[in-house]
Amino acid sequence: MSLATDAADQPTLYKRIRADIEKRILTGEWPPGHRIPFEHELVARYGCSRMTVNKALSELAQADLIERRRRAGSFVRRPQHQSAVLKIADMRAEIISLGRSYGYELMHRKLRTATAADRERLGVKKAGKVVAIACRHSADNVPFAVEDRLIDLSSVPDAATADFSREPPGTWLLHHVPWTEAEHTISAIVADDRTAEALDIAVGAPCLVIDRYTWRSARTITAVRLLYPGDSHRLVARFKGG
């Protein structure tokens, strides 16, 4: 391919290269830590100039999807910030790891324009679309946790068509959407009528609450509140001294 042809095709071609790589990352085909093909390999694959490849990779780095290391190449970015108390665990994997059978029930799913309360919860100012989800996770057919989640569709547009009746939203997000920062807030409440019914516990029983927020490059991905029966769940963290 001539330099003239490549220059003319660059606006379209570099976007295609970026989209191809981004798709492989978001679908989990290239997991965190995976090495992206070297620039000369991408040049040969797409039949373009190094400048075109560099532009695509630069935009992916700016979006916090990849990290570029001098002389080592480019890699799918790993999460940079995790809570010292909790990592972001897959609820299904967590329950199975306990040797218990996992159950999932989607109780509510709605695609809507973000309300003022939604925007405040997500920490966004601009009006946009969100997916609001309520679901229940069970262990050995006993309620384990209930989940109340908002997903910002401006950050995760594919969530609008994801089938959350089959796959829990947390599991889907972990496999499709890389994040760069997360925050956990841990608190306790007493169960109101709605929570007591969902968790099959008495009204007024103690509940453990985890509010989690995740971002990618300062853009909110999701806000979720997880409620657990207080007498059957605990948090454990082990630390090593420096």
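**A tour of the strands and loops**

Begin by selecting residues 66-69, which form strand β1, and residues 73-76, which form strand β2: in this predicted model the two strands pair in the antiparallel sense over four bridges. Within this pair, look for Glu67, whose bridge partner in β2 is Phe75. Then move to the turn of the hairpin, where three residues lie between β1 and β2 and where Arg71 takes a positive phi near 75 degrees.

Next, display the open sheet, in which six strands follow the order β3-β4-β5-β8-β7-β6 with antiparallel pairing. Select β3 (102-113) and β6 (181-190) at its edges: each has a single partner strand, so one side of each is left without a neighbour in the sheet. As you turn the view, note that neighbouring strands of this sheet are turned by 15 degrees against each other on average, direction ignored.

Finish with two loops. Most residues other than glycine have a negative phi. In the loop between β4 and β5 you will find Asn141, which is not a glycine and yet has a positive phi of about 65 degrees; Asn141 is exposed, with a relative accessible area of 75%. In the loop between α7 (193-199) and β7 (206-216), select Asp200, where phi is again positive, at about 55 degrees, and which is also exposed, with a relative accessible area of 63%.

Methods:
Residues numbered from 1 in each chain as written. Predicted model: local features only at pLDDT ≥ 70, side-chain atom pairs only at ≥ 80, totals over all residues. Heavy atoms only, no water. Pairing = 2+ DSSP bridges. Axes fitted to C-alpha atoms, helices over the stretch in contact; angles between N-to-C directions. Buried < 20%, exposed > 50% of the residue type's maximum accessible area, 1.4 Å probe, protein only.
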